[in-house]
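I opened this notebook to record what I looked up at the contact between two chains.

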Amino acid sequence: MAFLNPLLLYGLAAVSVPVIIHLLNRRRFRKIPWAAMRFLKTSVQRNQRRMQVEDWILLAVRCLLIALIALAFARPALENLAAAWLQPRHTLAVVIDDSSSMAAAADPANPSGPTRFDIALESARNLIAALPPGSNTVLLFGSDRLSPGSIPEPTSDPSRIAAALDRSTVTSGSSDLFPLVSRAAELLDARRSSHEELVVITDTTSHAWRQFDRIGSALPPETRVIFTGAEIAANLAVTDLQLRTPFPTANTPLRFDVTVKNTGTTAAQDIPVSLDLDNTATGQPATITALAPGESQTLTLYSITPTPGFHAATANLPADAMPGDDSRSLAFETAERTDLLLVDGTPSTRARDSSTFYLKHAIASPTVSTTTVTTSDLPDTDLSAFSAIVLANVPELGRTATDRIASFVKTGGGLVVFAGDRISTDFYNRELHTNRGLLPVTFGDPVTANQSIQTTTLDHPLVTPWASSSQSDLADVNLTTVIPLTAHNAQTVLRTNNSDILAASAPVGRGRVIAVGTSADTTWTDFPVHPSFVPFFRHLVGAVAGSRPDLYNLTAGTPFRFPVPASASTEVAVYPLGIDRSVGTSSRTVTIDGTPFIDHAATHNAGVFRASSPPVNLTFAVHPDPAEAETRTLSQAQLTELAARAEITRIKTAVSTLGTGTRTTGAELWLPLLVAVIALALIELFLAQRFSRSK
Amino acid sequence: MDPATKSLLDPKAIARAEALGINARFVVEGYMAGEHRSPYRGFAIEFAQHREYAPGDDVRHLDWKVLGRTDRHYIKQYEQETNFVAHILVDSSESMAYGSSETTKFDYARAVAACLSYLVFQQRDAVALGLFRDDITDYLPRSDNRSQLFEITSRLAKAEAKGKTDVPEVLHDLAARIKRKGIIIIISDFFDDEDAVLHGIEHLRFQGHEVIGIHLVDPFEREFPFDGLINFQGLESIPDLKTRPAEIRQSYLEEFAAFEKKLKQGFTKNGCHLITAPTDQPLDDLLTTYLGRRQAAAAASVR
């Protein structure tokens, strides 16, 4: 027999209490002188033996009562006792990590064998099967949020549980155990069963435990953690894929930067990296010669889209132990050509004196054309023909022009604003920033002093090509006058050497706006004549022209939400690229603040997808969180701390090592003991009353 | 000055004696003035003779049998035995010292003895007083002098209840000692061997004495109302006894009732009166009850 609360067996010492009370009572006799002793003596002699026996019986009953109470509290259990009615009712909450890393092979030496997730499911099945009849189970699948198919409320229906386990699949999500663990702990806390237990089944990666302290605090007293799969020593992951071509145009080479990281603990050599375009291999694969553990390397691959429109590029690595990070997709849009509208704030008969002179020449190419207008031309200009608008030293805009440009940006157009000696900072601050929410910065007062561009903080994606020393050094650029910018929910692109913000960028509506605090011509700076100006300006405009890539490229688990015209169909179809649309999901658009949106929440799996709400047809890509590719495991200190709060089991390769019933305690006997206690209490009451009657 | 004299002169003792005397007088005269007033004034009443009816005589005393037989009117005349002696024996053993209230059995016994003495002296008869334990410890010879009452009450007030009892021995001793027939009044709790006690009674009856027993009982001795855990400390050197009285109450009551019954039956069998006197019963009630019963018995014997 085992005891679930063995320490409470010390309560058996309380059996001595009735004995002590009995002995103490012997000293509590009241003394009374008595004359009629003769009759008393006869009566006592006649009843003495019976009274002694009754006393012993009562003492024995009371001692047994206390002994049974102490035993009941100690919760004895008999393992071999199969009586179902004695089995305690359990509530078991199972949290199963279905993040991307769980798709890895449990045994790296057997890539085609069971995955970590397979082991997790089998473990869960065994644990649930070992529960006593009538027990309840909560099943929570998830990475950093709950996955569909979970059973978030306790159920005792075995078929429902089995179906949920059978239907579950690993996702491309990024694991964070805290939300699921805390939810499971809350569910268990609200239950009133005889036994509650939490089981967390995950792999060994530390990324899932990034909120380690909070997870530890949330764990209920009965917790078990099952680590599935062996540690992975070698793993390469595609952690980033970016389209670097400023104005992606059909039938022109498109430059893709692919970043590969060695997240394993062993060095890798000769790593082939290939690029697919719309699920078709394209171009020649590149090779990374060597990659040390923890090192990242970015290489450039090129491809061409034959047609304008939405496409998807996928960078691939050879399959390894963690397949979820061996590829990464990027959805993008190419255009036939790119048309830019330049608004000249200082038109001049001398071309070189206009604010847009250098811009026009810097941007011009066979695939990019520019149109230059003045502010007075704006009201009559069809903005829909352009991908982006550049305001160069424009003093201010009329109301109509302001309205049209605001609408242009919010519906996906790009805007670049250059400062200059003629701009009305009051107009830009009051009207464009405050009233319209169009400008994500406010302009300060011009500072006339020789300044340069700070090159130590070139971390914005627009200027990362200039962060390395191989590019022209932006530090050579001379700034004679600068209007410092104050960013309002905008990212800093450039700073002066005085740390003032020189350029900032922010998404506005579906478009993007970049503000530059110096002139586009040479009145305030020599940047237009600097060798870096052309690529810089092309990058700048390229960043705002065309579709925003962040709208079409999502981390797994992020809902895909895209505005469509009011005239678009309310029927929405989402399906994997290259697969018949009938395989996908169908839904309807949702209206938010009067605007219809495609709202697709099922982005649990990485890949490229098509979303159709005619006439809108677009492509979006879902990629896993690069952090999920890390193979680092919990530190020994963390494991020790975790072991103090939970029972840890490791299942590296086979489920059979998980013993069924390893946590079963057998039939608990507290209930029959309690029944015996109640019965004894009633017997004691009856006997005490009966024995105290006059004889 | 010797201790006996000193005790006699003890103001408290004198006060107690006077109190007994006063109380006895109060009780007896109260009885005399009460509803049970009777021509049979006295303790021992016997029919003496007839005399012819004269106008003004109380017609209650008309002898109706004689009238029926002879058609002549005669009045019964009763003669009080003027030379009877009432031997009042008071048990002064330790068991008499028990009392569940302020009045012990011995206090009650003293009061009863004082009252009876007063009553007898009222009738101009003689009283002898004996205090006994396992033998007679104090004896006041017979006297019909009323002034003897103070001496009686003094002796009673001075006495203490202690020592063991031996009622049968005392009764036999008395039977041997007293030659002249009289009334023996034994005031005791009779906590002794009933058979032996009754044998002593028989001896006295054999000698021609009238025996009256006044059985003093404390209400607690009769009801045994104790609860909890009690250590009963025995009087008269009887060992203590610890018990739970509530559990043996029934048995005790049976024992006590059997004792009373046996005693009663024994006295009745010997033609004696046994009055059970609970110590919570007022004295006048006791006297009223008994004397009224005696008078009724005497009247029956005359017819």
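How many residues of chain A are in contact with chain B, and with how many residues of chain B? I worked from a predicted model, and I found 29 residues of chain A in contact with 36 residues of chain B.

Entry on area. I looked up the area buried between chain A and chain B and noted about 3,000 Å². Carbon and sulfur atoms give 64% of this area. I then asked which three residues supply more than any other three of the area that chain A buries against chain B. They are Phe29(A), Trp34(A) and Phe39(A), which supply 23% of that area.

Entry on polar and charged pairs. I recorded 15 residue pairs in polar contact across the interface, both residues at pLDDT 80 or more. The count of salt bridges between chain A and chain B is four. I looked up one of them: the side chains of Arg46(A) and Glu254(B) meet at 3.5 Å, N to O.

Entry on elements. Strand E2 (30-34) and helix H2 (37-74) of chain A each supply at least two residues of the side that touches chain B. H2(A) gives the most to that side, with 13 residues. By class, I noted 12 nonpolar, 11 charged and six polar residues on the side of chain A that touches chain B.

Entry on strand pairing. In what sense do E2(A) and strand E8 (residues 230-234) of chain B pair? I found the parallel sense, over five bridges. For Pro33(A), I noted Gln233(B) as the bridge partner in E8(B).

Terms used: Residues numbered from 1 in each chain as written. Chains lettered and ligands numbered in written order. Predicted model: local features only at pLDDT ≥ 70, side-chain atom pairs only at ≥ 80, totals over all residues. Heavy atoms only, no water. Contact = heavy atoms within 4.5 Å. Buried area = accessible area lost by both parts, 1.4 Å probe. Polar contact = N/O pair within 3.5 Å; in protein donor to acceptor, adjacent residues only side chain to side chain. Helix = DSSP H or I, 4+ residues; strand = E, 2+ residues; numbered from the N terminus. Nonpolar A, V, L, I, M, F, W, Y, C, P; charged D, E, K, R; others polar. Pairing = 2+ DSSP bridges.
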